[in-house]
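Subject: Structure for you to look at

Hello,

Here is the structure I promised to pass on.

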Amino acid sequence: MFITLLGEHFVHTALLAGAVVAVVAGAIGVFVVTRGLSFAVHAISELGFTGATGALVLGLDPVLGVLGGSLAVGAALGVLSLRGRERDSAIGAVLAFGLGIGVLFLSLYQGYATAATNLLFGSIVGVDDAQLRNLAIVAAIVLVALALLYRPLHFAAIDPEVAAARGVPVAALSVAVFLLVALTTAEAIQVVGVLLVLTLVITPAAAAQRLTVRPGLTFLLSICIALVSTEGGILLSLAKSWPTSFFISTLSFAFYAAARVASARRGG
Amino acid sequence: MTVVAVEDLALRFDDRELWHDLTFAVERGEFLAVLGPNGAGKTSLLRVLLGQLEPTRGRVVLDRSRIGYVPQQRVFDRDLPLRGRDLVRFGLDGNRWGIARLASPDRGRIEAAIAAVGATTLADAPIGRLSGGEQQRLRVAQALVSDPSLLLADEPLLSLDLAYQQVIVRLLDERRRSAGTPVVFVTHDVNPILSAVDRVLYLGPDGWAIGGVDDVLTTETLSRLYGTAIDVLRVRGRVVVVGTPDAEHVHHVH
C-alpha cells in the first residue's frame, strides 16, 4: 500500500509542494522569531482564513482569498509598526474580529464543508500541478527578497537604533518583513492549514536558535528541520492514514523539544 | 573644517522646552563632551543629529552617511542568537544589500576592532550572555569598524570598570587624532575623559554654554545655567560639582 502510493503522481506533487513551503517557512521563521512576531503570524494566518471564506462566498479561488487576507493584515501590521504590549492587544482584537467575519462567511457559503476543513487543517495531498506552480512562484519571490534584504533586515531586527543611524530604512523593512511573512503564511496554509501555520513558521526556527548562535547556521538548521518535518509528515500519513498536519506538527515539535533538551544540557 | 553645524536649535516636548537658540559647530578631529543633568536633553540632541528626532526650530547640517553610533546601553536579550563578532560585523556591512561572505581584509578589520576593545575572547559567545560592560565594549568596536566620519556616543562608559573606561577613551581619542573623526560624547561625568576632551557643551536647566573645560565648568557658569548657587572645585585633578539639584550628580561627585 505504502509502496504503491509512492509511485502516485499526487504524492510526488504533495512532496514537492511540501518541500517548497518548508524551505520558505524555515527561512522566514528565523526573522519571525528574532523579531518576536509569533502572535502576528497567527493573526495573519487566521485572517487568511477569513479571506478564503470570503472568496468562497463570492465564488472565487480560496487561495486568492488567503493571499488577500494575509497581505492586508501583514501590510496593516507593518505600517502601524506597533510595539510590545500595544501590538499584542491590537493583534488580539483584530484577530478575534476577523475570525468572527470568517464564521459569518462560512455560514453564508453553501458549498462543501470540506473546503473549510481543508483551510483550517491543511490538504497537502489535494495540491494539483497548477497550485504547485503557484506555490513555487511565490516561494521564489519570498526567497529572492529575503536574500536581497538579508543583511539590513538582520541588522534592523536586532539593533534598530544603530541600523537607523547607519542609514538602514528600518520602517520600510518592517513593512517588507510583514508582507513576506504574509506571503509565506498564505503558502503554509495550503499545506498545514490555518491553525497549524506556526508549526512550520515558528517551531523550526525556534529549535534552530536553541542549537546555534551562528546566524548562517541558524537559517540552515531551521530550513532542514522544516523540510524533514514536512516530508516526514507526508510520508508517515501515507503509511498510516492519520492527518498529515498531525504528523508534521508532531515531528517539528519533537525537533523543538530535542533542541531544548540539548541546549539545557549545554547549560543554556 | 566643520563636520556638524547646529543653528538656533530648539526642542520642546509638550510644554517643556529642553533648550533653545542652541548654536555650535563641531570641527574635524574635535572631541566634544555633552554634559548636563538628567532630562537636560543630551540624548535628544544626539537623536536630532542622527535625524531620528525633528527639532522644534532651527537646523542641523551634517553628512549622515558614515556615522558611528554607540547608543545608550540597552542590554541584549539573553537568548538572542547572535555572537559578539556578528554585532561588530553589522557596523561593517549591515547596511549593504544581499548576502555575502566576508572578504579576508574585512575579516581582519573586524578582528582588529574586537582586539582593540579587549574582547577577542568574548567574540564567539552569545551576546546576551555577556555583561553590560562587555556588550558596551563590542558596541564601541562596532562603531569604530565602520570607518566613521563622525562618532556619536551616548554614555559609552556606563558599567565599564576604570581600566576599560580608559581603553575606550584612548581608542576614541586615537581615532579622532589619526583619522580626524570628531567625537560627540554624551556623559554625566567629565572626569574619565578630562585628558581627551577639547570642549564641553553644558545643557543646564536655565540655558547652555560651550567652551573649554576651564571656561564652562566654573562656579560662575554653572550657577548661571542652574539658576542657583553651584560650586565647582578641582580636587586632585578631578572636577567636583557641588550643589546641583540632580541627586545623581551629587552622588557621582564629578
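Predicted model: local features only at pLDDT ≥ 70, side-chain atom pairs only at ≥ 80, totals over all residues.

**Chain A**

Chain A is helical, with 13 helices and 0 strands. Reading from the N terminus, the order of elements is simply α-α-α-α-α-α-α-α-α-α-α-α-α. How does its radius of gyration stand against that of a compact globule? The two agree: a compact globule of 268 residues would come out near 18 Å, and chain A has 18 Å. The C-alpha trace covers about 55 × 45 × 30 Å along the principal axes of chain A.

Burial in chain A stands at 53% of the 268 residues. Take the contacts in chain A with a separation of 6 or more: 77% of them are between residues 24 or more positions apart.

**Chain B**

The C-alpha trace of chain B spans about 60 × 40 × 35 Å along its principal axes.

In chain B, 42% of the 254 residues are buried. For contacts in chain B between residues at least 6 apart in sequence, 64% link residues at least 24 apart.

**Where the chains meet**

On the chain A side, 23 residues are in contact with 22 residues of chain B. Which elements of chain A give two or more residues to that side? They are helix H7 (129-158), helix H8 (160-165) and helix H12 (215-239) of chain A. H7(A) has the largest share, at 8 residues. By class, the chain A side holds 14 nonpolar, 4 polar and 5 charged residues.

**One residue in chain A**

Have a look at A:Ser70. This residue sits in helix H4 (residues 62-80) of chain A. Is A:Ser70 buried or exposed? It counts as buried, because 33 C-beta neighbours lie inside 10 Å, and the cut-off for burial is 20 or more.

Beyond the neighbours within four places in sequence, A:Ser70 contacts A:Ile44, A:Leu47, A:Gly48 and A:Gly51, and also A:Ala182, A:Thr185 and A:Ala186. For a distance check, A:Ala19 is 51 residues from A:Ser70 along the chain, and their C-alpha atoms are separated by 21 Å.

The helices here are H2 (residues 84-93) and H3 (residues 104-116) of chain B, plus H4 (residues 132-145) of chain B. I take them pair by pair.

*H2(B) with H3(B).* These helices pack at about 120°, and their axes are 10 Å apart. That angle makes H2(B) oblique to H3(B). The crossing is right-handed. From H2(B) come B:Arg85, B:Val88, B:Arg89 and B:Leu92; they meet B:Asp106, B:Arg109, B:Ile110, B:Ala113 and B:Ile114 of H3(B). This contact has 5 nonpolar, no polar and 4 charged residues.

*H3(B) with H4(B).* The angle is about 140°, and the axes are 9 Å apart. H3(B) and H4(B) are therefore oblique to each other. They cross in a right-handed sense. H3(B) supplies B:Arg109, B:Ile110, B:Ala113, B:Ile114 and B:Ala116, which meet B:Ala141, B:Leu144 and B:Val145 of H4(B). By class, that contact divides into 7 nonpolar, no polar and 1 charged.

*H2(B) with H4(B).* The axes come within 7 Å and cross at roughly 30°. That makes H2(B) roughly parallel to H4(B), as angles under 35 degrees count as such. The crossing of H2(B) and H4(B) is right-handed. H2(B) contributes B:Gly84, B:Leu87, B:Val88, B:Phe90, B:Gly91 and B:Leu92, while H4(B) contributes B:Leu138, B:Ala141, B:Gln142, B:Ala143 and B:Val145. The residues of the contact are 8 nonpolar, 3 polar and no charged.

Best wishes

Notes: Residues numbered from 1 in each chain as written. Chains lettered and ligands numbered in written order. Helix = DSSP H or I, 4+ residues; strand = E, 2+ residues; numbered from the N terminus. Rg over C-alpha atoms; globule rule 2.2 N^0.38 Å. Buried ≥ 20, exposed ≤ 12 C-beta atoms within 10 Å, placed from the backbone. Contact = placed C-beta atoms within 7 Å. Axes fitted to C-alpha atoms, helices over the stretch in contact; angles between N-to-C directions. Parallel < 35°, antiparallel > 145°, perpendicular 65-115°, else oblique. Left-handed = near helix turned anticlockwise from the far one by under 90°. Nonpolar A, V, L, I, M, F, W, Y, C, P; charged D, E, K, R; others polar.
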